[in-house]
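User: Please take me through this model, and for each label you use, tell me which value stands behind it and which cut-off that value has to meet.

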Amino acid sequence: MAAGLAVSGFPAAAFRRISPSSPAPARALSPATTTSSRPPLSAYYRRTEVGLTAPQSCRPAATGTKSRAVALAASTRETSGLLIEYTQVEVVTQPGVALFDITPQIKALLAVLGATEGVVHVLSRHTTTAVVINEMEGRLVDDVRQFLPKLVPPGEPYLHNDIHLRDGPPDWPGGNAAWRAQEPVNAHSHLQAMLLGQSETVPVHQGELVLGTWQSVILVELDGTEGRVRTVGLQFMGRGRST
């Protein structure tokens, strides 16, 4: 499966594979040159991957699913003992409705920061994805994939899908005709995202996410296409070992 997020200068034991199976060593990437005792996270380009094998009824024909995440644009700020860190995780999704467990990336961020007490805000940065907390169990994943289209059927006459009556951005190359040609018919995906919600806030206590035994933080793709990249924002606010 895919490797966990790793940053040079921090113990490799803090990072685990994003997989329900056994942990594996992480690969460290060299940070940019810095003079501080703990380099700012903006000095790093951190790469990690997410893996999920879907239940048989929602797999592609040949193999299980695999997605990749890249942590980017990290920025750290310490103010009066308060540690504030923002980073983004990119997830390559799959067609239709798909669920991705991003809990391991959040835990990896806490390990990198040495976070002890605070909160993590998790935000989907798209209008057709959602963020939820629930159980990442294979058959339940399949239930979600089947239930959401029943809850908000894609074939209804939604006004948002009247693309010929809508105008694109004024500076779109090729004008309205070009914009309409690429605009998806996806009102149902927007409505599903509104029902599920697009953010979660999770407490952090003694360096650990305060989640129930079977809870995971899940990115829900509601309008997936092959190779589509989705971005999730993560922000920790609280105290770390050095604050």
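Analyst: Helices here are DSSP runs of H or I with at least four residues, strands are runs of E with at least two, and both are numbered from the N terminus. On that basis T103 is placed in helix α1. The model is a predicted one, in which local features need pLDDT of at least 70 and side-chain atom pairs count only at pLDDT 80 or more, whereas totals for chains, interfaces and linings use all residues. Residues are numbered from 1 along each chain as its sequence is written, and side-chain values rest on heavy atoms, with hydrogens and water left out.

User: What makes up the secondary structure of the protein chain, and which pattern does it follow along the sequence?

Analyst: The protein chain has 4 helices and 10 strands, and their order along the sequence is β-β-β-β-α-β-β-α-α-α-β-β-β-β. Among its contacts (heavy atoms within 4.5 Å) between residues at least 6 apart in sequence, 72% join residues at least 24 apart.

User: Why is T103 called buried?

Analyst: Buried means under 20% relative accessible area, exposed means over 50%, and partly exposed lies in between, with a 1.4 Å probe and protein chains only. T103 has a relative accessible area of 6%, and therefore it counts as buried. Across the protein chain, which has 243 residues, buried residues make up 41%.

User: How do you know that the side chain of T103 makes a polar contact with the side chain of D101?

Analyst: A polar contact is a pair of N or O atoms within 3.5 Å, where within protein one atom must be able to donate a hydrogen and the other to accept it, and where residues adjacent in sequence count only if both atoms are side-chain atoms. The two side chains of T103 and D101 meet at 2.7 Å, which is within that limit. The T103 side chain also reaches the backbone nitrogen of V217, at 2.8 Å. Leaving aside residues up to four places away in sequence, T103 touches L209, L211, S216 and V217. The C-alpha atoms of T103 and Q215 are 9.2 Å apart in space, although 112 residues separate the two in sequence.

User: Why is α1 described as largely enclosed by the rest of the structure?

Analyst: The description follows from a count, because 8 of the 11 residues of α1 are buried. These are T103, Q105, I106, A108, L109, L110, V112 and L113. After α1 comes G114, with a positive phi near 65°.

User: What makes a set of residues a nonpolar core, and which residues touch the most other members of the largest one?

Analyst: Such a core is a set of buried Ala, Val, Leu, Ile, Met, Phe, Trp, Tyr and Cys residues joined through side-chain atoms within 4.5 Å. The largest nonpolar core has 22 residues, and I102, I106, V120, V122 and F236 touch the most other members. At least two residues each come from β3 (82–92), β4 (96–101), α1 (103–113), β5 (115–124), β7 (199–205), β9 (216–224) and β10 (229–240), and α1 gives the most, with 4 residues. I102 touches V91, V122, V217, L219 and V232, again not counting residues up to four places away in sequence. Another core, of 10 residues, lies apart from it and includes V97, A193, V220 and L222.

User: How do you know whether V202 is buried or exposed?

Analyst: V202, in strand β7, has a relative accessibility of 2% and so counts as buried. Beyond residues up to four places away in sequence, V202 touches G118, V119, V120, I133, L209, V210, L211 and V217.

User: Why is Q206 called exposed, and what is its phi?

Analyst: The relative accessible area of Q206 is 61%, and therefore Q206 counts as exposed. Q206 sits in the loop between β7 and β8 (208–209). Most residues other than glycine have a negative phi. The phi of Q206, by contrast, is positive, near 55°, in a residue other than glycine.
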